[in-house]
Amino acid sequence: MIAHPERGHNLPLFKPLTIAITMSVAEFLNRPLPIAYGYQTLRNRVALAPMAGMTDVPFRTLAWRFGAGHMVSEMVTSKPELWDTGKSRARRVLISEVRPQAVQIAGHDPATMAESARRLTGEGVEWVDLNFGCPAKKVCRKAAGSALLANIDQISRIVAAVVSAVDVPVSIKTRTGLSLEDSAGTEAAIAAQEAGAQLVVMHGRSRACRFKGHACPDRVREARRSLRVPLLVNGDIVDDASAEQALKSSGADGVMLGRGAMGQPWIFAEFLGLEMPTAAERFDFIREHLDAMHSFYGEDTGVRIARKHIQAYLQRWGTPQWTGDFMGLTSAQQQHAWLLARREQMLLHAAINTSQSNAAA
Ligand SMILES: Cc1cc2nc3c(=O)[nH]c(=O)nc-3n(C[C@H](O)[C@H](O)[C@H](O)COP(=O)(O)O)c2cc1C
């Protein structure tokens, strides 16, 4: 038993579960993940990574339906003056069926971050995630995101302030370090845990790597070994094989994937060994997603956001040559009509792909 740093009472120790040689990835990922010393549980161990501009409410709604066990909102700034912009408000919209309702905050000032967390929980947020991993210049110039890996004491102060401001689990998402050689990510994870964070997500790249090269899940192992709270490994996980490799080389308690889910939110069902939607069902989900984007954002923004997602769907479908056509469409009605007109061709394409891969197997 250990004493929770903020809440003072004795709580059972989290027992990390590493993937056993004899266990399939699906078996492992299907296990619920106890969080907050067992007071909360994530329904499984495969999470959707936050991606600003992509993992919005319409996309997360689909990912949850296909089985994602955890997801946080796209990053929301803690700056009070930007709290009421349309963008911040849209990122804070909660999805009623998702549990826990988690929002990610970026910022550098402990008091402001704590105040944002308090406001979020007032709006019904059940989990606060802190961004210590974003390498974007816009974020790092403000000494936030991965820039904070150069100031572990500040990370401690931020986590401690947020943990004492709210009565919900607080997690952090970070990278392995400032460069591939240092261990700032592990130090940040330990500091965050000691300040009361209850889950760590670590992207196996350093701040200097940005998105270049391959993620190194073995660089996450040191953090897993040093922590008492659960850890999810992130970076370049796109299928069973990469999930297995990331789990085995990091010893992590679960995986988080971002780009691998773009254009295929059903990938969560695949990871979990659940029944996969047929091509016709997938096509219907794409139409549903398109509809959801138009209604969530309104027509102008919805049409623009839909371009990125439909591009991703067409790429996954093996028909990227159609993307250019779709980009030129300017209304919700045109986008729907365009998609519907391609239904038969898309289903035919999927059938040919399936028979070719069956023949190759
Ligand atoms: C377009 C884009 C936007 C992202 N936005 C965020 C964000 O808002 N918050 C965050 O913590 N990470 C963000 N990330 C990083 C991802 O969460 C994830 O760590 C990274 O993409 C590596 O995982 P993957 O290889 O599975 O995509 C973003 C990544 C991309 C590509």
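Predicted model: local features only at pLDDT ≥ 70, side-chain atom pairs only at ≥ 80, totals over all residues.
Trainee: Where does arginine 224 sit, and what is it in contact with?

Mentor: Its place is in helix H8, which covers residues 221–226. Helices (H or I, at least four residues) and strands (E, at least two) are DSSP runs, numbered from the N terminus. Leaving aside neighbours within four places in sequence, arginine 224 is in contact with Pro16, Leu231, Ser250, Gly251 and Ala252. Contact here means C-beta atoms, placed from the backbone, within 7 Å.

Trainee: What makes arginine 210 exposed?

Mentor: Arginine 210 has 12 other C-beta atoms within 10 Å, so it counts as exposed. You'll find it in the loop between E11 and H8, with a positive phi of about 50° although it is not a glycine.

Trainee: And aspartate 236: buried or exposed?

Mentor: Buried, because 20 other C-beta atoms lie within 10 Å of aspartate 236. It also has a positive phi, about 60°, without being a glycine, and belongs to the loop between E12 and helix H9 (240–250).

Trainee: What makes E11 and E12 a pair?

Mentor: Two strands pair if DSSP finds at least two bridges between them. E11 and E12 (residues 231–234) have 4, in the parallel sense. Methionine 202 is partnered by valine 233, and histidine 203 by asparagine 234. On to E10 (residues 170–175): 5 bridges join E10 to E11, again parallel, with serine 171 opposite leucine 199.

Trainee: Which crossover gets from E11 to E12?

Mentor: The chain goes through helix H8, and this β-α-β crossover is right-handed. That label applies if, with the strands pointing away from the viewer, the path from the first strand over the helix to the second runs clockwise. E10, helix H7 (residues 184–194) and E11 make a right-handed unit as well.

Trainee: What order do the strands of the open sheet follow?

Mentor: There are 9 strands, in the order E6-E5-E13-E12-E11-E10-E9-E8-E7, with parallel pairing.

Trainee: What makes E6 and E7 edge strands?

Mentor: E6 (70–71) and E7 (76–77) each pair on one side only.

Trainee: How confident is the predictor in this chain?

Mentor: pLDDT is the predictor's confidence in each residue, from 0 to 100. The chain's mean pLDDT is 91, and 95% of its residues reach 70 or more. Over residues 1–10, though, pLDDT stays under 50.

Technical notes:
Residues numbered from 1 in each chain as written. Contact = placed C-beta atoms within 7 Å.
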